[in-house]
Amino acid sequence: MSAIIHVFEPTAPYGRKEMAACRALDGLRGKVVGFIDNAKPNFNHMVDDLAELLVSRYGVKKTVKCTKRSPGIPAPEDILADVARQCDLVITGSGD
Amino acid sequence: MCSTEFATLGRAQARALGCADLPITVVPHPFGLNARAKVRALAEICVQDIEKLVCAAAESGVAHTVVSEHTGLTVQVDDSAEAVNLLFCERQWTDGLPIVPPTAERVDRMMKFTPRAPDDVVGIVAPGFGAATVRRIAINAVMAGCHPEYLPVLIAAVEAVTAPEFNLQAIQVTTNPAAVWLIVNGPVARRLGMNAGVNCLGQGNWANATLGRALRLVMQNIGRAFPGEMDRATQGHPGKYMFCCAENEADSPWEPLHVERGFRAEQSAVTVVGAEGAINMNTHSKSAEEIVRVVAETMPRPPSNDYTLGGDPWVVFCPEHAQILRAAGLSKVDVKRQLWEQSKMVAGRMAAVDLQRTRIARLAELGAVMPDTMLPISPSPDRIGILVAGGPGTHSIYIPSFADTSRATTREVIWAG
């Protein structure tokens, strides 16, 4: 029977800090919904359609639309701060 | 909102950011190819998902992501190469090649070569946002086969890749074939016996091979960019195993890269580049004017990130070409200027959808881009990188960049004592 050795795990835990869980909304009526368009093809159309549907069918008060310059660049801090200040809900996209 | 192929990334990313129950609505992949009417039909479905998801999320104020900053967990395994490699393979902790077992003895021996404490955090590695402590870096360096004295180079490389301007997040999760190219300058390259000459980007040199490999293992294991999960590369490229060389300072007619970037020649430094695969430029010309022209004519390609986004492309001149250019009186600045001017591409060569992406991405830089606009490869000539590397021969190489989403970053190498 061979001997046992101890080796280090090479990974690190996920996450950089503890954060609060998502808050549930009590409905969409009267809420402000933000969009951060990731600049991938078609997502601008999806943003336009969702914005129209959320307002016309779910009573959303207002939508706020921002577009990143390219998918690989983080949204600028001032835009993130602005949508966080204005919006009850923010939607963004990932993938092609 | 994620397309189906990216839902795994979305969920892992949410977890890494401490919000594991972030609601995600999923649309069929590939979403970007849908006709306009299909997008509308998907929106009709998604809006219902959104209403359900955001009105049924977890209870307010509950913190649920607990990060344990452990100092290094160990696992028990049979003392055999086969058992250790089976364990690391099963847990997806390798790059697919055998590793050296990271025992406490080996890791401790390696950490003696840095003045930094084992639990010092060198950087936070996206996309998992894992803390790259000195110990964790050393663990991965041992696995890669690094000699202990290599550790300070790897620590500097981790500092560089985790700098905000490098945008490691994008490189780690992208579908693009983007690797991290590690360039070493200064006395450390000679001290470690690094290869800057013949086959310097190929196999055969222990320091080049294991340092490049170790940086990949750090990015994969500490950053949790596991292939097929958060690493979404469509094909990747071989440089994702290792992509590392030193500059051939001895045969270069110009100042070394790290001097160009603000360091003294007697300092040692690493530079990291978000790099695609290399393209060979074999010219036997002895004319500086011709060499610049044929290199510049190699760079324009319609489906190029550099032209779409405005890039940071690199040219690695072989010493023979570099010396011809210098003998004609050209400095690095001169060469960059000429390449920038001569590599402009007419925007109409792009596919229509890519031209539209270019219009959005480069609006602030270029104004309205029209089909007859001559696109520069980068926002300014100084954004073209030049390195002198390799041995005898008439081969320079063009290395397209991951474009302006990532800027090349340089950090000094600090030794113990």
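**A quick tour of chains A and B**

Start by selecting residues 32-37 of chain A: this is strand E2, which runs parallel to strand E4 of chain A and pairs with it over 4 bridges. Keep in mind as you click around that the model is predicted.

Now pick out A:Phe35. Across from it, in E4 of chain A, you'll find A:Ile91.

You're now looking at an open sheet of 3 strands, in the order E3-E2-E4, with parallel pairing. Which strands sit at the edges? Those are E3 (62-67) and E4 (89-92) of chain A, and each one pairs on one side only.

Then select residues 43-58 of chain A. That's helix H1, and it packs on the sheet, touching E2, E3 and E4 of chain A. Compare its direction with that of E2 in chain A, and you get an angle of about 175°.

Time to bring in the other chain. For a close-up, show A:Val7, whose bridge partner in E3 of chain B is B:Val75.

Finally, look at the whole contact between the chains. How many residues does each chain put in? Chain A contributes 47 residues and chain B 81. On the chain B side, select helix H2 (residues 36-54), which gives the most, with 10 residues. Colour that side of chain B by class and you'll have 46 nonpolar, 24 polar and 11 charged residues.

Methods. Residues numbered from 1 in each chain as written. Chains lettered and ligands numbered in written order. Predicted model: local features only at pLDDT ≥ 70, side-chain atom pairs only at ≥ 80, totals over all residues. Pairing = 2+ DSSP bridges. Helix = DSSP H or I, 4+ residues; strand = E, 2+ residues; numbered from the N terminus. Contact = placed C-beta atoms within 7 Å. Axes fitted to C-alpha atoms, helices over the stretch in contact; angles between N-to-C directions. Nonpolar A, V, L, I, M, F, W, Y, C, P; charged D, E, K, R; others polar.
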